[in-house]
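Q: I have a model open and want to learn to read it. Where do we start?

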Amino acid sequence: EAFDGLNQSLEKAWQKLKGESAINKENVKEPLRDIRRALLEADVSLPVVRRFVKRVEEKAIGTDVTVGLKPDQQLVKVVSDELIGLMGTEASPLAERGFGTTVVLMAGLQGVGKTTMCGKLASYLQSQGKSVTMVACDVYRPAAVDQLQTLGERVGCPVFSLPDSKDPSDIAKQGVKAARDAKADYVIVDTAGRLAIDEDMMQELRDVRKAVKPDETLLVVDAMTGQEAARVVQSFDESVELTGAILTKLDGDSRGGAALSVYEVSGKPIKFVGVGEKLTDLEQFYPDRMAGRILGMGDVLTLVERTEAAVEEKDAERLMKRMMSNEFDFNDFLEQSKMMAGLGSMSSVMKMLPGMSGITNDQMRETEKNLKRFEAMIASMTEAERTSPDVLVRSPSRRARIARGSGHTENEVSAMVATFGGMRKRMRSLVNMMGGNASAGMTP
Ligand code: GDP
């Protein structure tokens with residue numbers, strides 16, 4: 001997970017305020033140093049870090065005291081608010097014309113994942129019930145056109161190209177016209193990438209822009225490049241005028257600096273993030289949820305969204321309500337793990353659960369094995385035991401019976417009951433943190 005390092009270092013900052021009665025200029029010095037170091041290690045640029053830490057200091061010592069928070073919680077809240085602000089505060093949804101075809105122009109340096117992102121975006125829009133056409137404008141690399149065509153076949157979306165043309169603006173123009181004629185809701189125009197920023201590429205992008213008048217001009221950047229990604233957004237914006245950025249490879253061991261710097265450095269919002277090589281590895285970018293993830297609270301809301309995409313909406317809603325209530329029981333747990341199995345990579349889902357963000361791959365495999373074990377044990381429970389998990393905490397004889405029935409030891413059953421109890425507790429504390437309102441965002 002991209003933010004592991006960051007959230008572990010930030011954790012140290014809060015710890016230092018534990019037991020203090022208030023935040024003052026003296027006792028906040030060390031925590032601020034930790035925050036500064038954590039952000040620099042995450043590859044956020046120095047000027048951004050300086051401004052950030054200064055704002056946090058002012059607010060933490062200043063008047064914005066929230067009643068009922070301890071000093072360490074107060075600092076988490078200030079940092080959370082500032083992180084959200086740093087990333088643009090509000091989500092910035094993709095433009096959509098009320099009438100006619102919305103034109104999305106995609107730009108980016110080679111290898112950042114631009115072409116893959118065109119396919120992901122097409123697939124995402126289709127899942128929202130929109131019709132999409134893609135246009136391949138790379139006149140230098142026939143392989144890039146083939147790649148887009150293959151993606152188009154996989155998502156079931158037409159791809160427009162003109163193999164004999166050497167004029168990107170003309171291809172773009174004709175492609176957009178074809179999309180309009182086909183009454184597509186969106187047309188995604190993929191342009192040629194270069195290895196580095198050069199004036200020819202910028203000119204070509206300006207020409208294509210003039211030819212198709214896009215509603216969105218999105219620059220795709222690679223999260224692994226850290227603060228450099230933010231500078232690339234800034235320089236493209238200066239030459240071609242962007243409407244936003246898309247961050248790819250946020251699943252890798254990028255340290256988070258790009259997500260934190262793009263908006264602050266360039267003034268352009270991040271609209272989407274790519275979190276893997278599969279076509280479904282796309283998420284909308286929400287500053288508040290990203291802040292929650294950075295602070296290590298697990299991104300429950302993103303999990304809800306993915307769950308909703310994968311299962312019947314009413315099932316997901318009901319399950320979420322149960323997760324957020326005190327009633328979450330073994331039946332819900334079974335249903336949840338079945339849903340998760342349908343959500344693609346188990347590990348990417350697990351990492352979004354509260355308290356799970358620091359999990360390693362080995363622990364992940366162990367967890368998957370545990371899940372299988374859990375399922376076998378739950379199968380040996382009576383209906384009463386499934387719906388009132390607490391009876392198992394109190395009754396060794398029931399645990400012994402389940403152990404025999406499922407082919408496990410009593411210790412294993414006890415461990416499972418304890419793990420389940422811990423999970424329920426984490427879910428409850430998350431609800432409390434959000435003021436009992438599951439849809440209120442991730443601000444602690
Ligand atoms: P382009 O040159 O910018 O069009 O880049 P491609 O779309 O061809 O992608 C370059 C490489 O990055 C490919 O191997 C992709 O599978 C990979 N890639 C793209 N997006 C992601 C992502 O979000 N996560 C990871 N891990 N890999 C990605």
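A: Start with the ligand. A residue counts as near a molecule if its C-beta atom, placed from the backbone, lies within 6 Å of it. Keep in mind that this is a predicted model.

Q: Which residues come nearest to the ligand?
A: The ligand has 18 residues around it, and Gly113, Lys114, Thr115, Thr116 and Gly274 come nearest.

Q: Which helix gives the most to that shell?
A: Helix α5, residues 114-127, with three residues.

Q: How does the shell divide into nonpolar, polar and charged residues?
A: Eleven are polar, five are charged and two are nonpolar.

Q: How do I check the length of a helix?
A: Multiply 1.5 Å by one less than its number of residues. Take helix α1, residues 4-15: its twelve residues should span 16 Å, and its end C-alpha atoms are 17 Å apart, which agrees.

Q: Which residues of α1 are buried?
A: A residue is buried if 20 or more other C-beta atoms lie within 10 Å of its own. In α1 these are Leu6, Leu10, Ala13 and Trp14. They cover an arc of only 95° around the axis, so they sit on the same side of α1.

Q: What covers them?
A: The cover includes α2 (29-41), α4 (71-86) and α11 (287-294).

Q: Which residues of α7 are buried?
A: Pro168, Ile171, Ala172, Gly175, Val176 and Ala179. Seen down the axis, they fall within an arc of 125°, so they line one face of α7. They pack against strands β1, β2, β3 and β4, and against helix α8.

Q: What follows α7?
A: Lysine 183, whose phi is positive, near 55°.

Methods
Residues numbered from 1 in each chain as written. Predicted model: local features only at pLDDT ≥ 70, side-chain atom pairs only at ≥ 80, totals over all residues. Helix = DSSP H or I, 4+ residues; strand = E, 2+ residues; numbered from the N terminus. Nonpolar A, V, L, I, M, F, W, Y, C, P; charged D, E, K, R; others polar. Buried ≥ 20, exposed ≤ 12 C-beta atoms within 10 Å, placed from the backbone. Arc of directions from axis to C-beta. Contact = placed C-beta atoms within 7 Å.
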